Amino acid sequence: MIQTNSSLAKERGRLATVLRLLWADKFACFAALVLLTVVLCAVLGPIWLSDEATRQNLRGRNAPPFELERGLMYILGADQLGRPLLPRMIVAARNTMAVAAGAVICSMVIGSALGLVAGYTRSRWSQVIMRLGDVIMSFPSLLLAVIVLYMLEPSVANIVLVLAITRIPIYLRTTRAEVLEVRERMFVQAARVMGTSDRRIVFRHILPVVMPTLITIATLDFAFVMLAESSLSFLGIGIQPPEITWGLMVSQGRPYLTNAWWLSFWPGLALILTTLSLNLLSAWMRIALDPVQRWRLEMGGRKNG
Amino acid sequence: MAEHLLEVRNLSVDFHTAAGTVNAVRDVSWHLDRGETLAILGESGSGKSVSASAIMNLIDMPPGEITSGQILFDGDDVLRMTVAQRRALNGKRIAMIFQDPLSHLNPVYTVGWQICETMHVHHMPDDQARARTQELLRRVGITDPAAAMAKYPHEFSGGQRQRLMIAMALAMKPDILIADEPTTALDVTVQAQVLALLQELQQETGMGLLLITHDLGVVAEIADRVVVMNQGVVVESGNAAEVYRNPQHPYTRRLIDAAPGKGDTREERDRQGEPLLRVEGLQKSYGGFHALKGTSFTIMPGETVAIVGESGSGKSTMARAILRLDEPDGGKVVWKGRDLLAMPPKELFAIRRDIQMVFQDPTQSLNPRMTVFQIIAEAWIVHPDILPKARWKERVAELLVQVGLHPDMARRYPHQFSGGQRQRIAIARTLALKPRLIICDEAVSALDVSIQAQVIELLDGLRRELGLSYLFIAHDLPVVRDFADRVIVMKSGEIVEEGPTGQIFDRPRQPYTRALLAASLDPDPVVQAARRATRQSEGLVPA
């Protein structure tokens with residue numbers, strides 16, 4: 001009983017430390033709030049607003065933003081079928097996040113796991129993995145997507161699959177290159193002298209050193225994947241209407257850019273804010289996770305970065 | 001006419017860091033005359049390089065700031081000059097060479113091009129520059145200078161590269177040559193050659209030589225006058241021999257006392273009985289290069305065996321082969337009657353505990369993302385049978401006290417410690433496994449002299465308390481003299497000579513051992529002068 005209490009207290013102490021470090025970097029704090037909002041929208045939005053988001057109102061076609069006469073839902077305007085933009089964006093957050101997060105996480109986990117194997121062992125598997133990566137890289141990703149999605153149903157899961165496969169080599173190569181360098185460092189040698197198992201060396205000594213790089217790449221990739229998804233939607237093999245994503249909304253608004261800019265602008269803004277927040281947060285995380293750098297945050301966050 | 005060629009007056013430099021303002025040097029004054037060698041002696045962090053950086057305009061501002069003082073070169077204050085004026089001075093009238101010549105030579109240009117460039121910058125026509133380059137290379141002792149000009153830096157050895165740097169620095173016949181730890185990265189024999197070259201060149205050209213070093217031996221070998229610095233302040237200055245014989249400041253006295261190689265050698269031990277470790281015909285080659293050519297030796301329980309040799313002699317390869325960090329190609333390593341090399345992985349794992357290693361650079365051998373507690377306790381995660389988890393905290397505290405650190409330090413990360421403290425942590429980590437034999441691979445060579453003495457003392461104390469044996473790999477002979485029972489001298493993968501420490505140092509049999517001993521520098525200028533004379537007369541180290 002005492003043990004669980006103390007571990008609970010330790011847990012709470014850790015959370016407090018994280019919040020304190022987050023508060024020290026105001027940009028990262030803001031970014032965290034934005035991302036929290038996006039996640040809440042993705043989780044709760046479709047439950048309450050999916051009716052609103054698909055209700056057509058032909059008298060309100062391309063209704064301009066900031067007019068309250070049609071109600072609060074129309075504050076950001078309406079699209080070419082008169083559907084209110086605000087609830088549509090909130091509902092679209094779910095698919096967008098599902099595709100982007102799914103693809104990024106899948107490719108990161110698979111890619112870095114393969115990269116760790118390829119970098120750490122000197123066996124033939126390392127060669128096999130690297131050539132596999134080369135094959136994926138040399139194959140045009142859009143062509144792969146077209147073939148796969150033409151043969152399979154263009155569902156969220158399949159899009160995640162396609163996007164994940166095409167992004168794997170990036171993590172694979174980065175991880176392998178870093179592991180090759182870290183493996184030769186003295187503290188890894190010291191661990192080997194101690195008799196440490198390979199698994200422990202990889203996960204306790206090598207992975208934490210490689211991780212910040214991977215997270216930075218992943219946040220950059222997040223934006224790329226969201227845009228790739230919208231270009232698939234544009235070709236008609238991505239998310240199919242009436243399902244919506246931010247990327248799809250941008251491409252649907254494109255023909256009306258000259259007379260109704262808000263159709264593409266708001267979802268575009270959401271995309272930018274999300275990726276920007278992710279970048280800011282990953283920069284903060286890189287510092288907060290590194291004991292050598294952490295003082296920058298602890299001393300009050302005057303000079304971070 | 002100015003009084004001195006170069007004079008630094010009351011120089012103070014601050015660095016504004018996030019942790020507050022650091023006074024790198026405070027109120028430092030010294031001067032350098034033509035044809036004179038001045039050594040600035042100090043340990044890391046003493047600010048010995050800062051005044052030289054200020055002269056060469058190498059201090060980044062911000063975070064650095066020169067708060068007061070003057071640097072007079074031929075009577076003109078360098079600090080008040082325009083950027084263009086200073087650029088005209090740098091390289092032409094004041095030149096500098098650095099510790100690590102490889103990182104200061106550009107790898108993508110030929111050596112000839114790089115030396116010529118210095119002269120091009122100062123407006124010398126190309127054909128003249130090339131002729132002068134060739135002449136310079138010949139002067140610094142590079143064979144076949146014409147061919148050498150077309151080569152790239154990686155095609156030269158460390159000593160040759162330092163010669164190239166010297167040639168480059170001398171290109172414009174400077175009045176002053178600043179040498180920042182010019183021989184620290186070099187082997188002893190090469191060090192002696194490079195110092196001899198510097199001295200010759202100085203006598204030839206009459207330039208002023210400013211030498212920045214941490215090594216009392218280098219001061220004894222080459223300096224006329226010495227300035228001793230500690231924590232940003234000049235504590236003592238004067239004639240080099242005078243300062244050594246009659247140090248005034250307590251810090252100088254401490255520094256001189258800490259210099260290794262003065263005490264008595266250990267008494268010879270009885271080597272009867274079963275050895276702890278027996279290495280037989282160990283071989284290892286990398287491609288066509290034979291790093292170890294079948295070496296054999298033994299270590300008795302409680303004995304300290306030192307392996308000395310220059311870089312490339314195979315001494316580190318030996319350590320790695322014994323631990324099977326690199327699989328050897330042939331031979332036997334017998335530990336308590338069992339061959340380690342023929343052992344299945346499981347039994348080897350159990351024996352891993354008994355043989356541990358302390359690495360050269362503690363900054364790299366400790367995982368920067370783990371706390372000291374995690375680093376030390378990892379030993380018990382890997383070998384759970386040593387200690388139950390409940391006692392970890394207590395034992396870590398014990399170990400930290402044993403290596404001379406405070407138990408509260410367990411929560412800190414490696415970067416919060418100094419180099420010497422980090423090496424203590426590394427030693428505590430090896431002790432956590434209760435080993436019988438510790439292999440020290442250049443374990444003290446990255447440390448300052450006074451810290452070095454402390455770590456050696458720690459290791460020696462642990463040997464007496466715990467009955468440990470050491471395999472002590474070093475290039476630094478004086479350290480070995482104080483610490484080892486037996487010495488093995490290695491050269492290109494073979495053992496040249498082996499014997500008790502007293503015998504090797506006082507009655508060396510092989511010419512190579514004699515050359516190595518003659519090349520090592522003694523902190524006493526008088527002893528060093530005598531040694532230099534014998535070296536020249538016997539021709540042991542061709543300059």
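Where in chain A does G71(A) lie?

**View 1. A loop residue of chain A.** This model is predicted. G71(A) sits in the loop that runs between α2 (26-54) and α3 (85-120) of chain A. Is G71(A) buried or exposed? G71(A) is exposed, because 11 other C-beta atoms lie within 10 Å, and a residue counts as exposed at 12 or fewer. Now pair G71(A) with L116(A). The two are 45 residues apart in sequence. In space, 54 Å lie between their C-alpha atoms.

**View 2. Chain A is built from helices.** Chain A has eleven helices and zero strands. Its pattern along the sequence reads α-α-α-α-α-α-α-α-α-α-α. What box do its C-alpha atoms fill? Along the principal axes, the box is roughly 75 × 50 × 40 Å. Chain A has 305 residues, and 41% of them count as buried. Look next at contacts in chain A between residues at least 6 apart in sequence. Of these, 65% join residues at least 24 apart.

**View 3. Chain A meets chain B.** How many residues does each chain bring to the contact? Chain A brings 18 residues and chain B brings 22 residues. On the chain A side, α7 (186-193) and α8 (198-234) each supply at least two residues. The most comes from α7(A), with six residues. By class, the side of chain A that touches chain B holds ten nonpolar, four polar and four charged residues.

**View 4. The domains of chain B.** Domain 1 covers 34-49 + 87-258, domain 2 covers 277-354 + 436-522, and domain 3 covers 368-434. The centres of domain 2 and domain 3 of chain B, taken over C-alpha atoms, are 25 Å apart. Where these two domains of chain B touch, nine residues of domain 2 contact eleven residues of domain 3. Which helix gives the largest share of the domain 2 side? Helix α18 (residues 449-466) of chain B does, with four residues. That side of domain 2 divides into seven nonpolar, one polar and one charged residue.

**View 5. The largest nonpolar core.** This core has 229 residues. Which residues have the most contacts inside it? They are A306(B), I439(B), L471(B), F472(B) and V480(B). The element that gives the most to this core is α3(A), with 16 residues. In soluble globular proteins, nonpolar side chains tend to be buried together. Zoom in on F472(B). Leaving aside neighbours within four places in sequence, F472(B) contacts T304(B), V305(B) and A306(B), along with C440(B), V480(B), F483(B) and A484(B).

**View 6. Helix α8 of chain B.** Helix α8 (residues 188-205) of chain B has 18 residues. From first C-alpha to last, α8(B) reaches 26 Å, close to the 26 Å expected at 1.5 Å a residue. Which residues of α8(B) are buried? They are V188(B), V190(B), Q191(B), A192(B), Q193(B), V194(B), L195(B) and L198(B). What do these buried residues pack against? Their partners in chain B are the helices α7 (158-170), α9 (216-222) and α21 (511-519), plus the strands β7 (176-180) and β8 (208-213). Just after α8(B) comes G206(B), with a positive phi of about 70 degrees.

Methods:
Residues are numbered from 1 along each chain as its sequence is written. Chains are lettered from A and ligands numbered from 1 in the order in which they are written. This is a predicted model: local features need pLDDT of at least 70, side-chain atom pairs count only at pLDDT 80 or more; totals for chains, interfaces and linings use all residues. Domain bounds come from an automatic or database domain assignment. Two residues are in contact if their C-beta atoms, placed from the backbone, lie within 7 Å. Ala, Val, Leu, Ile, Met, Phe, Trp, Tyr, Cys and Pro count as nonpolar, Asp, Glu, Lys and Arg as charged, and the others, Gly among them, as polar. A residue is buried if 20 or more other C-beta atoms lie within 10 Å of its own, exposed if 12 or fewer, and partly exposed in between; C-beta atoms are placed from the backbone. A nonpolar core is a set of buried Ala, Val, Leu, Ile, Met, Phe, Trp, Tyr and Cys residues joined through C-beta atoms within 7 Å. The expected span of a helix is 1.5 Å times one less than its number of residues.
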